[in-house]
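User: Please take a close look at one part of this structure, the surroundings of the ligand. Walk me through them in one go.

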Amino acid sequence: MDLASTRSDDLAEDLSRFTDPLTGLGNRRRLIDKILRLVDERAMDPAPFTVGIMNIDGFKPINDLFGHAAGDEILSQIAHRLKSCLPEGATCARLNGDEFGFLLPLVFDKENATRLGKVLAEVCSAPYDLGDRNVRLSSSFGFSIYPFAGEDENALLESADTALYRSKRRGRNQITVYSEEIADQIKRGTQIEQALRRAITADEVEVHFQPIIDLSTNIPVGFEGLARWTDRELGFVSPGAFIPLAEERGFIDSLTEALLKKAVKVAQTWPEGMFLSFNLSSAQLVDPSTASSIIQILHRSGIDSRAVEMEITETAMMTDPDTANKIMNDLRAAGVGISLDDFGTGQSSLGRLRDFAFDKVKIDRAFVSKITDDRPTEHIVKAILTMCHGLDLLAVAEGIETEEQADMLRDMGCAYGQGYLFGKAQNAKDTCMYLETLGILPRGSSLNFQY
Ligand code: C2E
Ligand code: CA
Ligand code: CA
(Lines give C-alpha, C1' and ligand atoms only; values in the text may rest on other atoms or scores of the structure.)
(Ligands and ions follow the chains in the order given, each with its own letter.)
Protein backbone atom coordinates (compact mmCIF):
# COMPACT_ATOMS: atom_id res chain seq x y z
CA MET A 1 0.00 0.00 0.00
CA ASP A 2 1.53 3.30 -0.93
CA LEU A 3 1.80 6.08 1.55
CA ALA A 4 0.21 8.80 -0.60
CA SER A 5 -3.06 6.92 -1.11
CA THR A 6 -3.36 6.15 2.62
CA ARG A 7 -2.89 9.83 3.32
CA SER A 8 -5.61 10.88 0.90
CA ASP A 9 -7.98 8.20 2.29
CA ASP A 10 -7.38 9.57 5.77
CA LEU A 11 -8.01 13.04 4.53
CA ALA A 12 -11.27 12.03 2.85
CA GLU A 13 -12.40 10.26 5.99
CA ASP A 14 -11.45 13.28 8.07
CA LEU A 15 -13.35 15.53 5.75
CA SER A 16 -16.50 13.44 5.93
CA ARG A 17 -16.30 13.33 9.73
CA PHE A 18 -16.32 17.12 9.73
CA THR A 19 -18.76 17.77 6.90
CA ASP A 20 -22.53 17.97 6.70
CA PRO A 21 -23.41 15.84 3.66
CA LEU A 22 -26.58 17.76 2.75
CA THR A 23 -25.23 21.29 2.60
CA GLY A 24 -21.51 20.70 2.23
CA LEU A 25 -20.94 23.01 5.22
CA GLY A 26 -18.92 21.89 8.20
CA ASN A 27 -20.83 20.08 10.94
CA ARG A 28 -20.96 20.65 14.71
CA ARG A 29 -17.66 18.83 15.15
CA ARG A 30 -16.00 21.20 12.66
CA LEU A 31 -17.37 24.26 14.45
CA ILE A 32 -16.24 23.00 17.85
CA ASP A 33 -12.79 22.21 16.46
CA LYS A 34 -12.51 25.71 15.00
CA ILE A 35 -13.60 27.32 18.28
CA LEU A 36 -11.08 25.23 20.22
CA ARG A 37 -8.28 26.41 17.96
CA LEU A 38 -9.33 30.03 18.19
CA VAL A 39 -9.56 29.84 21.98
CA ASP A 40 -5.98 28.51 21.96
CA GLU A 41 -4.82 31.34 19.74
CA ARG A 42 -6.59 34.01 21.75
CA ALA A 43 -5.06 32.75 24.97
CA MET A 44 -1.96 34.69 23.88
CA ASP A 45 -3.83 37.64 22.45
CA PRO A 46 -7.08 37.92 24.38
CA ALA A 47 -9.15 39.74 21.75
CA PRO A 48 -12.85 38.90 21.78
CA PHE A 49 -14.58 36.86 19.08
CA THR A 50 -18.17 35.74 18.53
CA VAL A 51 -20.03 32.45 18.32
CA GLY A 52 -23.56 32.39 16.88
CA ILE A 53 -26.44 29.99 16.43
CA MET A 54 -29.29 30.50 14.01
CA ASN A 55 -32.51 28.54 14.07
CA ILE A 56 -35.15 28.74 11.34
CA ASP A 57 -38.57 29.70 12.68
CA GLY A 58 -41.39 27.26 11.96
CA PHE A 59 -39.32 24.86 9.87
CA LYS A 60 -41.03 21.68 10.96
CA PRO A 61 -44.34 22.42 9.17
CA ILE A 62 -42.36 22.82 5.93
CA ASN A 63 -41.26 19.20 6.11
CA ASP A 64 -44.76 18.13 7.09
CA LEU A 65 -46.53 20.17 4.42
CA PHE A 66 -44.19 20.02 1.45
CA GLY A 67 -42.14 16.90 2.14
CA HIS A 68 -38.54 16.29 3.13
CA ALA A 69 -37.16 17.00 -0.32
CA ALA A 70 -38.50 20.55 -0.08
CA GLY A 71 -37.06 20.87 3.44
CA ASP A 72 -33.65 19.70 2.17
CA GLU A 73 -33.81 22.13 -0.73
CA ILE A 74 -34.45 25.05 1.65
CA LEU A 75 -31.60 24.01 3.95
CA SER A 76 -29.22 23.88 0.98
CA GLN A 77 -30.36 27.29 -0.20
CA ILE A 78 -29.89 28.71 3.30
CA ALA A 79 -26.36 27.27 3.51
CA HIS A 80 -25.58 28.92 0.22
CA ARG A 81 -26.96 32.30 1.31
CA LEU A 82 -25.17 32.22 4.66
CA LYS A 83 -21.84 31.36 3.07
CA SER A 84 -22.17 34.17 0.59
CA CYS A 85 -22.62 36.89 3.18
CA LEU A 86 -20.39 35.87 6.09
CA PRO A 87 -17.26 37.98 6.53
CA GLU A 88 -13.73 36.77 5.70
CA GLY A 89 -12.36 34.18 8.05
CA ALA A 90 -15.79 33.21 9.43
CA THR A 91 -16.92 29.59 9.73
CA CYS A 92 -20.46 28.47 9.07
CA ALA A 93 -21.65 25.00 10.07
CA ARG A 94 -24.89 23.08 10.11
CA LEU A 95 -25.34 21.96 13.70
CA ASN A 96 -28.42 19.82 13.24
CA GLY A 97 -31.85 19.90 11.58
CA ASP A 98 -32.68 23.53 11.00
CA GLU A 99 -29.87 24.96 13.12
CA PHE A 100 -26.71 26.63 11.85
CA GLY A 101 -23.67 27.78 13.81
CA PHE A 102 -21.09 30.49 13.20
CA LEU A 103 -17.65 31.34 14.38
CA LEU A 104 -16.83 35.00 13.75
CA PRO A 105 -13.20 35.73 14.66
CA LEU A 106 -13.45 39.41 13.74
CA VAL A 107 -16.72 40.29 15.44
CA PHE A 108 -15.72 41.77 18.76
CA ASP A 109 -18.84 43.29 20.31
CA LYS A 110 -22.60 43.28 20.66
CA GLU A 111 -23.21 46.03 18.09
CA ASN A 112 -21.33 44.21 15.36
CA ALA A 113 -22.84 40.84 16.24
CA THR A 114 -26.33 42.38 16.06
CA ARG A 115 -25.54 44.10 12.79
CA LEU A 116 -24.31 40.87 11.22
CA GLY A 117 -27.33 39.02 12.63
CA LYS A 118 -29.59 41.53 10.88
CA VAL A 119 -27.83 40.97 7.56
CA LEU A 120 -28.10 37.18 7.89
CA ALA A 121 -31.76 37.42 8.95
CA GLU A 122 -32.53 39.66 6.00
CA VAL A 123 -30.80 37.39 3.51
CA CYS A 124 -32.55 34.30 4.85
CA SER A 125 -35.98 35.97 4.83
CA ALA A 126 -36.10 36.28 1.02
CA PRO A 127 -38.45 33.73 -0.61
CA TYR A 128 -37.24 30.16 -1.27
CA ASP A 129 -37.88 28.77 -4.69
CA LEU A 130 -39.36 25.27 -4.51
CA GLY A 131 -40.08 24.92 -8.20
CA ASP A 132 -43.85 25.30 -8.21
CA ARG A 133 -44.07 27.60 -5.19
CA ASN A 134 -42.21 30.10 -3.06
CA VAL A 135 -41.85 29.92 0.70
CA ARG A 136 -40.81 32.65 3.14
CA LEU A 137 -39.24 31.94 6.53
CA SER A 138 -37.85 34.01 9.35
CA SER A 139 -35.06 32.95 11.67
CA SER A 140 -33.92 33.58 15.24
CA PHE A 141 -30.36 34.25 16.36
CA GLY A 142 -28.31 33.93 19.52
CA PHE A 143 -24.75 35.20 19.85
CA SER A 144 -22.13 34.86 22.57
CA ILE A 145 -18.92 36.84 22.81
CA TYR A 146 -15.63 35.39 24.07
CA PRO A 147 -14.47 35.59 26.83
CA PHE A 148 -17.43 37.33 28.60
CA ALA A 149 -20.01 34.69 27.67
CA GLY A 150 -17.68 31.72 28.10
CA GLU A 151 -14.04 30.75 27.98
CA ASP A 152 -14.33 27.46 26.14
CA GLU A 153 -16.30 25.98 23.25
CA ASN A 154 -18.97 24.41 25.44
CA ALA A 155 -19.66 27.52 27.48
CA LEU A 156 -19.75 29.69 24.35
CA LEU A 157 -22.18 27.41 22.51
CA GLU A 158 -24.32 27.11 25.62
CA SER A 159 -24.49 30.89 26.04
CA ALA A 160 -25.34 31.33 22.35
CA ASP A 161 -28.07 28.76 22.83
CA THR A 162 -29.44 30.63 25.87
CA ALA A 163 -29.51 33.82 23.78
CA LEU A 164 -31.27 31.94 20.96
CA TYR A 165 -33.85 30.62 23.41
CA ARG A 166 -34.53 34.19 24.46
CA SER A 167 -34.96 35.25 20.80
CA LYS A 168 -37.53 32.51 20.32
CA ARG A 169 -39.31 33.53 23.52
CA ARG A 170 -39.44 37.12 22.40
CA GLY A 171 -41.54 36.09 19.46
CA ARG A 172 -39.00 34.76 16.95
CA ASN A 173 -37.35 36.67 14.13
CA GLN A 174 -35.15 38.21 16.84
CA ILE A 175 -31.47 38.65 17.52
CA THR A 176 -30.09 38.33 21.05
CA VAL A 177 -26.53 38.70 22.28
CA TYR A 178 -25.88 36.84 25.54
CA SER A 179 -25.35 38.85 28.73
CA GLU A 180 -25.47 38.00 32.44
CA GLU A 181 -28.62 40.05 32.64
CA ILE A 182 -30.37 37.98 30.01
CA ALA A 183 -29.32 34.75 31.69
CA ASP A 184 -30.69 36.09 35.02
CA GLN A 185 -33.94 37.14 33.40
CA ILE A 186 -34.41 33.72 31.84
CA LYS A 187 -33.63 32.07 35.16
CA ARG A 188 -36.09 34.31 37.00
CA GLY A 189 -38.72 33.73 34.31
CA THR A 190 -38.38 29.98 34.76
CA GLN A 191 -38.59 30.36 38.55
CA ILE A 192 -41.78 32.42 38.25
CA GLU A 193 -43.20 30.01 35.70
CA GLN A 194 -42.72 27.01 37.99
CA ALA A 195 -44.13 28.82 41.01
CA LEU A 196 -47.09 30.13 39.00
CA ARG A 197 -47.94 26.73 37.52
CA ARG A 198 -47.93 25.36 41.04
CA ALA A 199 -50.04 28.25 42.33
CA ILE A 200 -52.65 27.72 39.60
CA THR A 201 -52.94 24.04 40.48
CA ALA A 202 -53.15 24.89 44.18
CA ASP A 203 -55.74 27.58 43.40
CA GLU A 204 -53.65 30.34 44.96
CA VAL A 205 -54.03 33.03 42.31
CA GLU A 206 -56.75 35.45 43.37
CA VAL A 207 -58.97 38.01 41.72
CA HIS A 208 -59.42 41.45 43.23
CA PHE A 209 -62.05 43.95 42.17
CA GLN A 210 -61.64 47.63 41.36
CA PRO A 211 -64.83 49.74 41.26
CA ILE A 212 -65.98 51.45 38.08
CA ILE A 213 -67.98 54.55 38.97
CA ASP A 214 -70.81 56.39 37.26
CA LEU A 215 -69.28 59.88 37.24
CA SER A 216 -72.65 61.63 37.28
CA THR A 217 -73.78 59.95 40.52
CA ASN A 218 -70.48 58.75 42.05
CA ILE A 219 -72.05 55.33 42.50
CA PRO A 220 -70.25 52.13 41.44
CA VAL A 221 -71.81 50.38 38.45
CA GLY A 222 -69.41 47.46 38.20
CA PHE A 223 -65.92 46.17 38.94
CA GLU A 224 -62.87 45.21 36.93
CA GLY A 225 -61.42 41.86 37.99
CA LEU A 226 -57.63 42.01 38.38
CA ALA A 227 -55.38 39.02 39.01
CA ARG A 228 -53.40 39.00 42.29
CA TRP A 229 -50.72 36.55 43.29
CA THR A 230 -48.38 36.41 46.26
CA ASP A 231 -45.93 33.51 46.23
CA ARG A 232 -44.47 32.15 49.46
CA GLU A 233 -40.92 32.64 48.23
CA LEU A 234 -41.12 35.24 45.48
CA GLY A 235 -43.51 37.49 47.40
CA PHE A 236 -45.97 39.71 45.54
CA VAL A 237 -45.65 39.33 41.78
CA SER A 238 -47.36 41.97 39.65
CA PRO A 239 -49.85 40.80 37.00
CA GLY A 240 -47.92 43.03 34.62
CA ALA A 241 -45.12 40.47 35.04
CA PHE A 242 -46.90 37.13 35.37
CA ILE A 243 -49.70 37.55 32.82
CA PRO A 244 -47.28 38.08 29.89
CA LEU A 245 -45.21 35.17 31.18
CA ALA A 246 -48.23 32.85 31.24
CA GLU A 247 -49.06 34.02 27.71
CA GLU A 248 -45.55 33.46 26.47
CA ARG A 249 -45.23 30.02 28.00
CA GLY A 250 -48.61 28.85 26.86
CA PHE A 251 -50.70 28.45 30.02
CA ILE A 252 -52.71 31.66 30.04
CA ASP A 253 -55.83 29.64 29.16
CA SER A 254 -55.82 27.65 32.36
CA LEU A 255 -55.03 30.78 34.40
CA THR A 256 -57.82 32.83 32.82
CA GLU A 257 -60.26 30.00 33.21
CA ALA A 258 -59.52 29.62 36.92
CA LEU A 259 -59.71 33.39 37.49
CA LEU A 260 -62.89 33.89 35.49
CA LYS A 261 -64.62 31.13 37.43
CA LYS A 262 -63.65 32.79 40.71
CA ALA A 263 -64.59 36.28 39.53
CA VAL A 264 -67.99 35.17 38.27
CA LYS A 265 -68.75 33.46 41.56
CA VAL A 266 -68.06 36.71 43.41
CA ALA A 267 -69.96 38.83 40.88
CA GLN A 268 -73.04 36.73 41.54
CA THR A 269 -73.16 38.14 45.08
CA TRP A 270 -73.43 41.71 43.78
CA PRO A 271 -76.76 43.47 43.31
CA GLU A 272 -78.52 43.14 39.98
CA GLY A 273 -77.37 45.57 37.32
CA MET A 274 -73.77 45.60 38.47
CA PHE A 275 -71.29 44.23 35.95
CA LEU A 276 -68.00 42.36 36.03
CA SER A 277 -65.35 43.50 33.59
CA PHE A 278 -62.67 40.91 32.91
CA ASN A 279 -59.40 41.12 30.94
CA LEU A 280 -58.87 38.82 28.01
CA SER A 281 -55.26 38.25 27.11
CA SER A 282 -53.80 38.70 23.65
CA ALA A 283 -52.93 35.01 23.33
CA GLN A 284 -56.60 34.14 23.76
CA LEU A 285 -57.71 36.40 20.94
CA VAL A 286 -55.94 34.24 18.37
CA ASP A 287 -57.53 31.05 19.68
CA PRO A 288 -60.90 30.33 18.05
CA SER A 289 -62.06 28.20 21.01
CA THR A 290 -61.89 31.17 23.43
CA ALA A 291 -65.48 32.36 23.00
CA SER A 292 -67.02 28.94 23.58
CA SER A 293 -64.93 28.25 26.68
CA ILE A 294 -65.89 31.62 28.19
CA ILE A 295 -69.55 31.15 27.37
CA GLN A 296 -69.43 27.69 28.90
CA ILE A 297 -67.97 29.02 32.16
CA LEU A 298 -70.68 31.69 32.32
CA HIS A 299 -73.48 29.22 31.58
CA ARG A 300 -72.25 26.71 34.13
CA SER A 301 -72.08 29.39 36.83
CA GLY A 302 -75.60 30.52 36.10
CA ILE A 303 -74.63 34.21 35.90
CA ASP A 304 -76.54 36.41 33.46
CA SER A 305 -73.98 36.91 30.68
CA ARG A 306 -75.23 40.46 30.23
CA ALA A 307 -73.59 41.23 33.57
CA VAL A 308 -70.18 40.30 32.15
CA GLU A 309 -67.86 42.29 29.90
CA MET A 310 -64.55 41.34 28.36
CA GLU A 311 -61.75 43.89 28.03
CA ILE A 312 -59.46 43.55 25.04
CA THR A 313 -56.69 45.71 23.67
CA GLU A 314 -56.22 46.82 20.10
CA THR A 315 -52.71 45.43 19.89
CA ALA A 316 -54.07 42.02 20.88
CA MET A 317 -56.78 42.21 18.24
CA MET A 318 -54.42 43.04 15.44
CA THR A 319 -52.38 39.80 15.51
CA ASP A 320 -55.27 37.96 13.91
CA PRO A 321 -58.17 40.39 13.31
CA ASP A 322 -60.45 37.78 11.72
CA THR A 323 -60.26 35.40 14.67
CA ALA A 324 -60.54 38.29 17.14
CA ASN A 325 -63.61 39.56 15.33
CA LYS A 326 -65.22 36.13 15.38
CA ILE A 327 -64.56 35.74 19.11
CA MET A 328 -66.04 39.18 19.79
CA ASN A 329 -69.12 38.49 17.70
CA ASP A 330 -69.71 35.11 19.37
CA LEU A 331 -69.39 36.71 22.81
CA ARG A 332 -71.71 39.56 21.92
CA ALA A 333 -74.26 37.13 20.50
CA ALA A 334 -74.23 35.43 23.92
CA GLY A 335 -74.90 38.77 25.61
CA VAL A 336 -71.34 39.47 26.84
CA GLY A 337 -70.20 43.10 26.47
CA ILE A 338 -66.88 44.07 24.89
CA SER A 339 -64.68 46.94 26.10
CA LEU A 340 -61.71 48.30 24.22
CA ASP A 341 -58.99 48.53 26.90
CA ASP A 342 -56.06 50.97 27.10
CA PHE A 343 -57.46 53.14 24.32
CA GLY A 344 -54.99 55.69 23.04
CA THR A 345 -51.90 53.56 23.57
CA GLY A 346 -50.51 51.16 21.01
CA GLN A 347 -51.83 51.31 17.49
CA SER A 348 -55.11 53.15 18.08
CA SER A 349 -57.13 53.49 14.96
CA LEU A 350 -60.42 55.28 14.66
CA GLY A 351 -61.50 52.95 11.87
CA ARG A 352 -61.23 50.05 14.30
CA LEU A 353 -63.85 51.62 16.53
CA ARG A 354 -66.25 51.56 13.62
CA ASP A 355 -65.32 48.16 12.15
CA PHE A 356 -65.38 46.19 15.38
CA ALA A 357 -68.37 45.99 17.64
CA PHE A 358 -67.50 47.48 21.04
CA ASP A 359 -69.77 48.53 23.86
CA LYS A 360 -67.27 50.56 25.85
CA VAL A 361 -63.97 52.31 25.37
CA LYS A 362 -61.53 52.60 28.27
CA ILE A 363 -59.39 55.70 27.96
CA ASP A 364 -55.87 54.90 29.08
CA ARG A 365 -54.41 56.26 32.30
CA ALA A 366 -51.62 57.94 30.30
CA PHE A 367 -54.19 60.54 29.13
CA VAL A 368 -56.09 60.85 32.38
CA SER A 369 -52.94 61.53 34.40
CA LYS A 370 -52.05 64.52 32.19
CA ILE A 371 -55.49 65.87 31.53
CA THR A 372 -55.41 68.70 34.08
CA ASP A 373 -52.06 70.19 33.13
CA ASP A 374 -51.54 69.47 29.47
CA ARG A 375 -53.78 71.28 26.97
CA PRO A 376 -53.13 68.96 24.01
CA THR A 377 -54.06 65.95 26.16
CA GLU A 378 -57.23 67.71 27.24
CA HIS A 379 -58.18 68.19 23.58
CA ILE A 380 -57.39 64.58 22.69
CA VAL A 381 -59.61 63.32 25.49
CA LYS A 382 -62.39 65.69 24.40
CA ALA A 383 -62.09 64.37 20.85
CA ILE A 384 -62.17 60.75 22.02
CA LEU A 385 -65.29 61.45 24.06
CA THR A 386 -67.05 63.21 21.18
CA MET A 387 -66.24 60.28 18.96
CA CYS A 388 -67.50 57.76 21.51
CA HIS A 389 -70.68 59.74 21.82
CA GLY A 390 -71.20 59.73 18.04
CA LEU A 391 -70.57 55.99 17.83
CA ASP A 392 -72.84 55.21 20.77
CA LEU A 393 -70.02 53.88 22.90
CA LEU A 394 -69.77 54.40 26.65
CA ALA A 395 -66.44 55.80 27.83
CA VAL A 396 -64.58 54.77 30.98
CA ALA A 397 -61.64 56.93 32.08
CA GLU A 398 -58.93 54.79 33.73
CA GLY A 399 -56.51 55.77 36.48
CA ILE A 400 -58.38 58.74 37.98
CA GLU A 401 -56.42 59.80 41.06
CA THR A 402 -57.66 63.31 41.86
CA GLU A 403 -61.00 65.10 42.27
CA GLU A 404 -59.81 67.61 39.72
CA GLN A 405 -59.39 64.91 37.07
CA ALA A 406 -62.79 63.44 37.91
CA ASP A 407 -64.48 66.87 37.69
CA MET A 408 -62.94 67.62 34.36
CA LEU A 409 -63.90 64.25 32.87
CA ARG A 410 -67.43 64.59 34.24
CA ASP A 411 -67.73 68.04 32.64
CA MET A 412 -66.52 66.63 29.35
CA GLY A 413 -69.32 64.08 29.41
CA CYS A 414 -67.33 60.97 30.28
CA ALA A 415 -69.82 58.43 31.62
CA TYR A 416 -67.66 56.24 33.84
CA GLY A 417 -64.42 56.46 35.79
CA GLN A 418 -62.04 54.09 37.53
CA GLY A 419 -58.98 54.81 39.63
CA TYR A 420 -57.38 55.10 43.05
CA LEU A 421 -59.58 58.15 43.80
CA PHE A 422 -62.57 55.79 44.01
CA GLY A 423 -60.71 52.75 45.23
CA LYS A 424 -57.97 50.26 44.52
CA ALA A 425 -58.70 46.65 43.65
CA GLN A 426 -59.64 44.69 46.77
CA ASN A 427 -60.58 41.13 47.57
CA ALA A 428 -64.10 39.71 47.38
CA LYS A 429 -64.94 40.24 51.03
CA ASP A 430 -63.69 43.84 51.19
CA THR A 431 -65.56 44.54 47.96
CA CYS A 432 -68.72 43.28 49.58
CA MET A 433 -68.08 45.45 52.66
CA TYR A 434 -67.51 48.43 50.40
CA LEU A 435 -70.94 47.86 48.83
CA GLU A 436 -72.41 47.58 52.34
CA THR A 437 -70.93 50.91 53.41
CA LEU A 438 -72.44 52.56 50.37
CA GLY A 439 -75.81 51.05 51.25
CA ILE A 440 -75.87 49.10 47.99
CA LEU A 441 -75.83 45.74 49.78
CA PRO A 442 -77.58 45.13 53.11
CA ARG A 443 -75.37 45.22 56.23
CA GLY A 444 -73.96 41.83 57.19
CA SER A 445 -73.80 40.53 53.62
CA SER A 446 -70.06 40.05 53.92
CA LEU A 447 -70.24 38.07 57.17
CA ASN A 448 -70.38 34.61 55.67
CA PHE A 449 -67.92 35.28 52.91
CA GLN A 450 -65.61 32.30 52.42
CA TYR A 451 -63.39 33.75 49.71
P1 C2E B 1 -55.17 47.08 32.96
O2 C2E B 1 -56.16 46.12 32.37
O3 C2E B 1 -55.00 48.36 32.25
O4 C2E B 1 -55.61 47.30 34.46
C5 C2E B 1 -55.53 48.53 35.12
C6 C2E B 1 -54.28 48.63 35.93
O7 C2E B 1 -54.14 49.95 36.43
C8 C2E B 1 -54.32 47.74 37.17
O9 C2E B 1 -52.99 47.32 37.43
C10 C2E B 1 -54.81 48.69 38.25
O11 C2E B 1 -54.48 48.31 39.55
C12 C2E B 1 -54.08 49.95 37.85
N13 C2E B 1 -54.75 51.16 38.31
C14 C2E B 1 -56.08 51.36 38.48
N15 C2E B 1 -56.33 52.60 38.91
C16 C2E B 1 -55.14 53.22 39.02
C17 C2E B 1 -54.74 54.54 39.43
O18 C2E B 1 -55.54 55.39 39.78
N19 C2E B 1 -53.41 54.82 39.39
C20 C2E B 1 -52.50 53.90 39.03
N21 C2E B 1 -51.22 54.23 39.03
N22 C2E B 1 -52.84 52.63 38.62
C23 C2E B 1 -54.13 52.32 38.63
P24 C2E B 1 -52.62 45.83 37.75
O25 C2E B 1 -53.66 45.18 38.57
O26 C2E B 1 -51.21 45.83 38.23
O27 C2E B 1 -52.69 45.13 36.33
C28 C2E B 1 -51.78 45.42 35.33
C29 C2E B 1 -52.20 44.81 34.03
O30 C2E B 1 -52.12 43.38 34.10
C31 C2E B 1 -53.64 45.10 33.66
O32 C2E B 1 -53.72 46.36 33.06
C33 C2E B 1 -53.93 43.99 32.69
O34 C2E B 1 -53.41 44.27 31.42
C35 C2E B 1 -53.14 42.84 33.28
N36 C2E B 1 -54.03 41.99 34.09
C37 C2E B 1 -54.38 42.07 35.40
N38 C2E B 1 -55.20 41.07 35.75
C39 C2E B 1 -55.41 40.35 34.63
C40 C2E B 1 -56.18 39.15 34.35
O41 C2E B 1 -56.88 38.56 35.20
N42 C2E B 1 -56.12 38.68 33.08
C43 C2E B 1 -55.38 39.30 32.10
N44 C2E B 1 -55.37 38.77 30.87
N45 C2E B 1 -54.66 40.40 32.34
C46 C2E B 1 -54.68 40.93 33.59
CA1 CA C 1 -58.18 46.23 31.84
CA1 CA D 1 -56.54 49.42 30.99
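Analyst: Start with the overall layout of this predicted model. The centres of its domain 1 and domain 2 are 45 Å apart, taken over C-alpha atoms. The domain assignment places domain 1 at residues 3-178. Domain 2 covers 189-448.

Now the ligand site. β10 supplies the largest share, with four residues.

Next, the residues themselves. The shell around ligand 1 holds 21 residues. Those that come nearest are Q210, A227, R228, E401 and Y420. By class, the shell has eight nonpolar residues, six polar ones and seven charged ones.

Then the polar contacts. Two of them involve oxygen atoms of ligand 1. D341 places a polar side-chain atom 3.1 Å from a ligand oxygen. For D342, a polar side-chain atom lies 3.2 Å from an oxygen atom of the ligand. A nitrogen atom of ligand 1 also takes part: an N or O atom in the side chain of R365 is 3.1 Å from this nitrogen.

How much of the ligand does the protein bury? Ligand 1 taken alone exposes 790 Å², and 80% of that is buried by the protein.

Definitions and conventions
Residues are numbered from 1 along each chain as its sequence is written. Chains are lettered from A and ligands numbered from 1 in the order in which they are written. This is a predicted model: local features need pLDDT of at least 70, side-chain atom pairs count only at pLDDT 80 or more; totals for chains, interfaces and linings use all residues. Side-chain values use heavy atoms; hydrogens and water are left out. Domain bounds come from an automatic or database domain assignment. A residue is near a molecule or strand if one of its heavy atoms lies within 4 Å of it. A polar contact is a pair of N or O atoms within 3.5 Å; within protein, one must be able to donate a hydrogen and the other to accept it, and residues adjacent in sequence count only if both atoms are side-chain atoms. Accessible areas come from the Shrake-Rupley method with a 1.4 Å probe; for residues, only the protein chains shown count as cover. Helices (H or I, at least four residues) and strands (E, at least two) are DSSP runs, numbered from the N terminus. Ala, Val, Leu, Ile, Met, Phe, Trp, Tyr, Cys and Pro count as nonpolar, Asp, Glu, Lys and Arg as charged, and the others, Gly among them, as polar.
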